[in-house]
Amino acid sequence: MAKLVLHGVKTATSSGFEIYDVTHESLPKAGTYDVLLDDDHKPVCIILIDTVEVVPFSHVSAEHAFKEGEGDRALLSWQINHAKFFHRDYKKHKLVFNRHTSHVVLETFHVVFPTK
């Protein structure tokens with residue numbers, strides 16, 4: 001994923017809204033910075049969060065799916081792959097993910113360091 005971000009292919013991400021409540025984490029906020037880590041937990045880059053939006057899973061747009069930069073970047077692929085991910089993630093937190101009623105947190109961002 002870090003390579004996709006560094007190459008400007010991945011400019012968005014999503015997470016399960018209901019999980020923030022059970023983990024007592026704050027929702028991401030536009031205008032804040034995050035450090036992106038690689039698989040070895042080493043810093044790769046700094047991103048600035050541009051937008052944050054909470055929507056039902058079923059309302060995620062094709063544009064957002066494309067910005068996530070994964071697979072063929074199509075909405076149907078995004079829905080299939082993310083539904084699987086969210087089912088596992090929700091189950092890990094003793095929650096039930098539902099394509100029709102669960103909400104997702106959509107973030108868009110851009111790399112601010114390193115600069116190209």
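What follows is a short chat about a few of those labels.

Modeller: Quick housekeeping: this is a predicted model, so local features need pLDDT of at least 70, side-chain atom pairs count only at pLDDT 80 or more, and totals for chains, interfaces and linings use all residues. Residues are numbered from 1 along each chain as its sequence is written, and side-chain values use heavy atoms, with hydrogens and water left out.

Colleague: What makes Lys10 part of a network?
Modeller: Lys10 also forms a salt bridge with Glu70, with the closest N and O atoms 2.9 Å apart. That links Lys10, Glu68 and Glu70.

Colleague: Are these residues buried or exposed, and how do you know?
Modeller: Buried means under 20% relative accessible area, exposed over 50%, and partly exposed in between (1.4 Å probe, protein chains only). Lys10 has 6%, so it's buried. Glu68, at 1%, is buried too, while Glu70, at 26%, is partly exposed.

Colleague: Why does Lys92 count as exposed?
Modeller: Because Lys92 has 61% relative accessibility. Its salt-bridge partner is Asp89, at 3.5 Å between the closest N and O atoms; Asp89 has 14%, so it counts as buried.

Conventions:
A salt bridge is a side-chain nitrogen of Lys or Arg within 4 Å of a carboxyl oxygen of Asp or Glu.
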